[in-house]
Amino acid sequence: MFGIGGTSQANNELVGGYYDYDPFSDANTKDVNTSAFLTALYVNAVVFVVLIGCYEWLRRWLPNVYSARQQSSGASIVSPLSSPRAAPAVNINTRRPLGWIPGVANASWSTVLSTGGLDSYMFLRYIRLCFRITASGALWGMIILWPVYATGDGGAKGWYFLSMANLTQGSQRMWVPTVFVWLQTMYVIYLMSEEYKHYLDCRINFLAKGEGMVTSQQHMYSLIVERIPHELRSDRALNDYFNRLFPGKIHSTAVVLNLPELERVSAKKKRVLRRLEKSMVSLEVRGTRPRHIVGRKRLRICGIETSPMFSSFGGTTLDDSSVRSDRMAERGEKVDSINYYNRELTITNETVARMQHDKIELAQKGNDSIRASQWISHQIDRVSAAAESTLVCKRPSQDDDGLITGFSSSSTRRKPLLLYILDRMGIDFISGAVNYVQQNIDEVVDSVVGVTCSSTGFITFTELSTLACAVKTPLFHKPDVLVVKMAPEPQDIIWENAHVNLAWSKGREWTANVLLGLGALLWSIPVASIQALATADQIATVPGMAWIATLNGGDVAAFVNGYLPVVLLLTIIMILPHIFYGVALHYEDRKTISDVQISIIGRYFYYQLANIFITVTAGSVLDSLGEIIEHPSNILAILGKSLPNVVGYFATFVMTKVFAGLPIILLRAPALSRMLFIKAFFREKFLTQAELDEAHYPRVHSQQTMPQEYPNLLLVIVICFVYSCISPIILPVGAAFFLGSWLVYKNQILIVFNPPYESGGTMFPMACHRTLVGLVCGQLTLIGYSIMRAGFYQIFCRFPLPIITIKMMDVFKKLYVIPGMCLSIERAVDLDAQTNVQSSFSPDAYRQPVLTERFAEPQIREHSYESTGGRSQAPVADSGKIV
């Protein structure tokens, strides 16, 4: 179907209880041959030279794009993203071609940690881990496996000459890859253990001292509290409760509020401020007061807002009496822009300040008014109490802890004999149903009706030892009440989602996982439809394109068959992270950016597994299911039947990522396109200071896109695991990819990216876990392939490997991941005796930004940007374009 790795039931008959597999049959040789691979290699080499040449030229012309960290640190007026931590990390020679490589390659790991933070540091460590796995495998594969396979006398050609396909059926040489996979598994587990130990040390130092890019240590002393009961949904009540549990150890508390009205007014204030600054710049440039028609639409592109559309005609001009009155202009009236927006800004400032005062008071004392939702909950309490008193024989109750009262009340009463009999008949399920509804009513009310005081809050302690006790100890006898964990950095929080009930979000997460899992199974449908057309034969059927099949003796057709499917697959999977991002942010209502990114990594990885094991190899899900249903006892043989026959495709795929994918990462295509668009269509003298800062140091491109990069690395390492023993020629290509990735991403971390927040390397354990999942996939594939090659004794020796690997996942989690979530009490007590940073804490650190923002005032543009990159200078004559 794809021109790669096709299968045919006719050529894989059951003989003697197992699949009779012919690796050189017509059905099993539809791979990218060596000729097509070499053609794609030549093309990729040319593309590589062109892209690197473009990068060398562009990094001199647009240093704001390719040396953003160094340029932003040189500005006398600091941009919103600039900070003392944005200093240049390495000295690079920008004039000599490829002069940046020595400085980047020689930069120490401590420099990476202090510059990029723990997230970027562990990302580079993961690339280094993958490189060590593939490089050592490639070395020993060439020494051990290549000679064994090359002398196997199986009659294989091309890619399969150096693969297990060149061994004869049941050959004793199959013991060699068996030993090799055992050594590889032990080596991977060893390296993984060492990296996990290093991660735990770095993680503990991050939690203890804030090593990396932490701007404030307050979040290390803070917890996020979920599922707060109604009685505690105020700053005062939450503070009193925790102060009784930990007397004198509470610094501040903050309950998250649901503030849609305030957020809407705040957004309007920012929009008015932006347009006022735009009008002031227009007055400065043109010398005349700008006028506009109220209600005319504007466009906002790349963070820059245009003038009102069709503002030069139409509209009703106000007379002098209307201008001097307090009457607000209506839609369709032409007004003086500066006067109009000044008045609007004053009104919105006052409105926001008044609403902030009211909401902060509400957060302090809680909502004392009885809402309809509370009445509903009260009525369910009454029904539940009546049902329990009727059907359940209650014993005298005692106060649990005296801290929270009013959740429920009970009375002592003997159950009548008739009701006792009904109880034994199962009628008491009604009471249980009522109780269940009562437990979930708050989740529905919080998420649908939208109460102001949410079930989420933050607690800041004065001591790390108290925090360690709080996060490790159950705070309430019910496990679903007062759920706490370490608080993220305030910059990591998505405040628009912070008020969402945790149970509501988890329910939607479960629904999303089910639907996305179904989508992974059906992902083969769109990919198969596209890849079915990615062959020269299919293109030749288009009228006027028949020449492509015979041009240059068929070399063009070979190039199309080897290159086009790879490019299409890369293009298709690029849209997946954006879909996952929208689901995590807008449907699941996840509360932190790091949580959104972790969800993207996990889902993206499994979709890429689907690309490998379902779409590319089996042709379609239905074909695979049909074979498994027909021969359920041969599921491993079915798995191993197709994968070994597309090594050429995957080698071309990884090689394309090396020669084309990595230079594109260096070129930063989104940031480059954005800057070129701004330079082409906007004039610098008409931009406000905020627009200039956003144009040269955009927030959207200031951080590495790890949700996309981790799965891309995982995809390659899984491919290498799958083919490391079957066709070890893939390992040198994989090692080249990881070496290039290490250099490229290290360059980006040191001189380009300036992430606005730090999650403490929380994505690294997930990447390691998924790596071990990929190792298990490779082991199972090798077992299935051995079944087809009649290596029955070797199979028994390989069966423990997946079990060992899965067990090590649990061991690593217990030894390194869980201890890295919080400091130990012993370490926390030692740190409390050595440090005293509480004086720098702010009670508003975890207050929603919309509640703490100040009066907005227009910002006067104070500098321009030089053509060679972002450093401020005295005002000069406008050149007409952004430079």
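Let's start with an open sheet: four strands in the order 4-10-3-11, paired antiparallel. Strand 4 (250–257) and strand 11 (483–486) sit at the edges with a single partner strand each, so one side of each has no neighbour in the sheet. On average, neighbouring strands here are turned by 25° against each other, direction ignored. Keep in mind that this is a predicted model.

**Around the sheet**
- Strand 3 (residues 222–226) and strand 10 (residues 453–461) run antiparallel and are joined by four bridges.
- Across that pairing, Ile224 stands opposite Phe458 in strand 10.
- Helix 14 (residues 464–472) packs on the sheet and touches strand 3, strand 10 and strand 11. The direction of helix 14 makes about 135° with that of strand 11.

**Helix 30**
- Helix 30 covers residues 800–817, so to speak 18 residues. From first C-alpha to last, helix 30 reaches 25 Å, close to the 26 Å expected at 1.5 Å a residue.
- Which residues of helix 30 are buried? They are Leu801, Pro802, Thr805, Met808, Met809, Phe812, Tyr816 and Val817.
- The cover over those buried residues includes helix 6 (175–209), helix 28 (763–788) and helix 29 (792–798).

**The chain as a whole**
- You'll find 32 helices and 13 strands in the chain.
- Of the chain's 883 residues, 53% are buried.
- Among contacts in the chain with a separation of 6 or more, 82% are between residues 24 or more positions apart.
- The chain exposes about 39400 Å², with carbon and sulfur atoms supplying 61% of it.

Terms used
Residues are numbered from 1 along each chain as its sequence is written. This is a predicted model: local features need pLDDT of at least 70, side-chain atom pairs count only at pLDDT 80 or more; totals for chains, interfaces and linings use all residues. Side-chain values use heavy atoms; hydrogens and water are left out. Helices (H or I, at least four residues) and strands (E, at least two) are DSSP runs, numbered from the N terminus. Buried means under 20% relative accessible area, exposed over 50%, partly exposed in between (1.4 Å probe, protein chains only). Contact means heavy atoms within 4.5 Å. Accessible areas come from the Shrake-Rupley method with a 1.4 Å probe; for residues, only the protein chains shown count as cover. The expected span of a helix is 1.5 Å times one less than its number of residues. Two strands pair if DSSP finds at least two bridges between them. Axes are lines fitted to C-alpha atoms, for helices over the stretch in contact, and angles run from 0 to 180 degrees between N-to-C directions.
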